[in-house]
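Open the structure in your viewer and keep the selection tool at hand. Each stop below says what to select and what is there.

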Amino acid sequence: MYQENCHLFLVDDNQKRRAAISYEMSKRGMYVVPFEDVEELAARWPNDGMVLVSDDTDNVPRLTEQMLKSEKWLPFIAFSEQPETSRIVRAVNQGAVGYSDTPTDAEKFCKTVEEARGATDRIGHIRARALKAKKAIAGLTKREMEVLEGLADGQTNRAVAEQLHISHRTVEIHRANLLNKLGGVGINAAIRVLIESRII
C-alpha cells in the first residue's frame with residue numbers, strides 16, 4: 001500500500017489517460033491530484049509529494065524550470081508510451097527519479113511509482129540542495145563564473161589572472177563579488193555550491 005501522506009500530482013494534457021491513471025492509482029490507495037499542464041500545477045505548487053509528468057511534450061524541462069523558480073524540488077517520474085531511449089536518458093538527466101513507458105499498464109506503472117518512491121528519500125535532499133545552488137550560481141556574471149571555476153580547479157588568484165588575461169587585482173574584485181552574491185560565504189563554501197549546482 002502506498003504511503004497515505006504522500007500525494008501524487010499528475011501532469012498530463014491527455015484527459016482520457018489522466019483520468020485512467022488517476023482511477024488506477026486511487027484504487028491502490030494513492031491520492032492523486034490531476035493537472036492539465038505544468039503551469040496549472042505551478043499555480044498550486046505543493047510543499048511535498050511526487051509528480052507524475054507526461055513526457056510527450058516539453059513538460060519535463062518546464063517542470064524543472066518551475067522547481068528552480070520556486071527553489072522547491074519535488075521528486076518526479078516522467079512517462080510516455082513507447083519513448084525513444086534518448087528521451088528517457090534526457091528525462092533522467094533533467095532529474096527524473098524514474099521513467100515509465102507503460103502508463104496504460106496499471107500494474108507496471110504503479111510498480112514504477114513505488115520503486116521511485118523508495119529512491120526519493122535517499123536523493124531528495126541532494127536534489128533540493130542542487131536546485132538552490134543552481135539558482136545561486138545563475139546570479140553570477142560570466143567573468144565571476146570563470147574566476148570561480150579557476151579557483152575550483154585549485155588555481156591561485158594570480159594563476160587565474162594569467163589564464164583570463166586580467167590583472168591580479170581584478171580577480172580579487174570578482175572573487176569578492178561572487179562570494180558576496182553567494183551569501184557572504186568563504187571560497188570553500190562557494191566551490192561546494194558550484195559542485196552542487198552541477199548535480200542536475
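Start with the largest pocket: select Glu71, Arg129, Lys132, Ala133, Lys135, Ala136, Leu182, Ala189, Arg192, Val193 and Glu196, which line it. On a 1 Å grid over the protein atoms alone, a pocket is an open set of points where a 1.4 Å probe fits, with protein on both sides within 12 Å along at least five of seven lines, and lining residues have an atom within 4 Å of a point. Helix H5 (106–138) and helix H9 (187–197) are the elements that give two or more residues to this lining. Helices (H or I, at least four residues) and strands (E, at least two) are DSSP runs, numbered from the N terminus. The largest share, five residues, comes from H5. Colour the lining by class and you get five nonpolar, no polar and six charged residues. Here Ala, Val, Leu, Ile, Met, Phe, Trp, Tyr, Cys and Pro count as nonpolar, Asp, Glu, Lys and Arg as charged, and the others, Gly among them, as polar. The pocket volume is about 220 Å³, taken as the space filled by probe spheres set on the grid points, which are joined across faces, edges and corners.

A note on the model before moving on. It is predicted, so local features need pLDDT of at least 70 and side-chain atom pairs count only at pLDDT 80 or more, while totals for chains, interfaces and linings use all residues. Residues are numbered from 1 along each chain as its sequence is written, and side-chain values use heavy atoms, with hydrogens and water left out.

Next, select helix H6 (residues 142–152) and helix H8 (residues 168–181), whose axes come within 9 Å and cross at roughly 95°. Axes are lines fitted to C-alpha atoms, for helices over the stretch in contact, and angles run from 0 to 180 degrees between N-to-C directions. H6 is therefore roughly perpendicular to H8 (the term covers 65 to 115 degrees). Show the side chains of Arg143, Glu144, Val147, Leu148 and Leu151 on H6, and of Val171, His174, Arg175, Asn177, Leu178 and Lys181 on H8, to see the contact (heavy atoms within 4.5 Å). By class, this contact has five nonpolar, two polar and four charged residues.

Which residues in H6 meet H9? They are Met145, Leu148, Glu149, Leu151 and Ala152, facing Ile187, Ala190, Ile191 and Leu194 in H9. This contact divides into eight nonpolar, no polar and one charged.

Now go back to H8 and select helix H7 (residues 157–164); H7 and H8 pack at about 110°, with axes 8 Å apart. Asn157, Arg158, Val160 and Ala161 in H7 meet His168, Val171, Glu172 and Arg175 in H8.

How values were computed: Parallel < 35°, antiparallel > 145°, perpendicular 65-115°, else oblique.
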